[in-house]
Amino acid sequence: MNQTSNIYKELLHEEVEAVVRSAHLAASEDSWTYSLLSGGLFNTTYLLKMKDDKQYVLRVAPIKPELLMDFEKTMMAAEPYIYSLLESKQIPVPRVIKMDDSKSVIPRSYILMERVEGVPLNHDSIPEGAREKLLVQLGGYIKIMHSIQHAKFGWPTSDGDVRGDECWSKVMHALVKEMTARLRNHQLVGEQELKQIERVYDSLRDAYDEVRQPSLVHNDLWDPNVLAAQVNGEWKITAIIDVDRAMFADPEYEYVLWGQGEAIMQGYGHSLEGTPQAVLRRKSYHLMLCIMNTYVFAVEYDDQAAFEQSKQEITACLQTLKGAIT
């Protein structure tokens with residue numbers, strides 16, 4: 001975790017105690033303990049241990065919501081709904097105990113879940129051969145997840161609606177408009193590159209509109225958000241976690257983080273589209289990830305080194321998309 005982050009703040013003991021009391025997890029204060037978990041960059045996360053051996057994970061939303069991107073401000077509230085969609089398809093997820101967006105227990109939103117046994121997919125304890133099999137399994141779960149569909153592209157809400165549009169190009173255009181405005185306002189990227197970014201996405205409107213069916217994508221499916229454990233002597237995925245960034249999108253938006261590794265595509269069942277338009281779309285999704293990272297590292301996390309690296313990646317991405325700029 002980055003404790004110098006502008007949006008990070010640990011809870012007071014009294015606040016953790018209030019969450020435990022509100023959820024009726026323990027009869028007395030001396031019947032449970034808690035510890036701060038490392039690894040997260042966005043939420044503040046705690047492991048709660050009860051004397052009856054039950055364990056829970058508490059994730060608390062950031063402070064200073066005015067610094068967050070628009071979809072980040074409400075995404076925790078939709079998390080139980082997204083988990084329910086995955087669970088309905090037999091994708092392993094944690095059980096949600098409580099999601100509180102009221103700010104009445106503590107002055108921040110939080111979600112409380114049962115802890116799932118397992119280690120992140122990049123943990124040293126997972127043998128390389130087992131990791132390959134886990135990636136095949138993950139590819140299968142991604143395929144199932146992408147079969148969950150909606151009438152609109154965009155971000156799920158807590159009541160099962162989607163904040164977005166029936167046209168993928170309009171959702172992408174709104175995201176680009178927000179992000180370029182944020183980069184301009186904070187003077188993070190030069191005007192010449194900002195105009196190039198805008199021209200790229202304007203040029204790809206028709207390519208985006210080739211995507212007709214919104215599919216559920218996790219949108220943050222890197223190794224730490226996939227847990228695995230040995231079950232009867234065999235490594236298996238025990239949970240897919242941190243689904244708060246999930247959205248209904250082009251299913252290939254998922255592969256910004258994964259690429260087309262052999263094992264994961266084996267589980268997925270088919271390769272990604274190879275048309276020139278599809279390739280350009282995926283390059284533009286990678287550019288969007290770099291744009292978001294540039295903002296996040298500079299404004300939210302206050303990580304200068306990561307900000308500079310992301311900024312360089314924007315330049316590199318624009319170079320690969322040069323032919324799309326008209």
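Helices (H or I, at least four residues) and strands (E, at least two) are taken here as DSSP runs, numbered from the N terminus. The model is predicted, so that local features need pLDDT of at least 70 and side-chain atom pairs count only at pLDDT 80 or more, while totals for chains, interfaces and linings use all residues. Residues are numbered from 1 along each chain as its sequence is written, and side-chain values use heavy atoms, with hydrogens and water left out.

**Exercise 1. Decide how Cys290 and Cys317 stand to one another, and whether each is buried or exposed.**

Solution. A disulfide is a covalent bond between the sulfur atoms of two cysteines, and the criterion applied is a pair of cysteine sulfur atoms within 2.5 Å. The structure holds 0 disulfides. Cys290 is in none, although the sulfur of Cys317, the nearest cysteine sulfur, is 3.7 Å away; seen from Cys317, that distance is too far for a bond. For accessibility, buried means under 20% relative accessible area, exposed over 50%, and partly exposed in between (1.4 Å probe, protein chains only). Cys290 counts as buried because its relative accessibility is 1%, and Cys317 is likewise buried, at 5%.

**Exercise 2. Identify which residues touch the most other members of the largest nonpolar core, and then trace the surroundings of Trp168.**

Solution. A nonpolar core is a set of buried Ala, Val, Leu, Ile, Met, Phe, Trp, Tyr and Cys residues joined through side-chain atoms within 4.5 Å. The largest such core has 48 residues, of which Trp168, Tyr201, Tyr253, Leu287, Met288 and Ile291 touch the most other members. Among the elements that each supply at least two residues of this core are β7 (153-156), α4 (168-185), α5 (191-203) and α9 (304-320), but α8 gives the most, with 10 residues. Contact means heavy atoms within 4.5 Å; leaving aside neighbours within four places in sequence, the contacts of Trp168 include Phe153, Tyr208, Met247, Phe248, Tyr253 and Tyr285. A second, separate core of 43 residues includes Leu121, Leu227, Ala228 and Ala263.

**Exercise 3. Classify the aromatic pair of Tyr34 and Tyr46, and say which residues ring pairs link into a cluster.**

Solution. Rings of Phe, Tyr and Trp (its six-membered ring) pair if their centres lie within 6.5 Å, with planes under 30 degrees apart counted as stacked, over 60 as edge-to-face and the rest as tilted. The count by this rule comes to 11 aromatic pairs. Tyr34 and Tyr46 are 5.8 Å apart, centre to centre, with 70 degrees between the planes, and the pair is edge-to-face. Tyr34 lies in strand β1 (residues 32-36) and Tyr46 in strand β2 (residues 44-50), so the pair ties together parts that are 12 residues apart in sequence. Tyr34 is partly exposed, with a relative accessible area of 29%, whereas Tyr46 is buried, at 2%. Elsewhere, ring pairs link Phe153, Trp168, Tyr201, Tyr208, Tyr253 and Tyr285 into a cluster.
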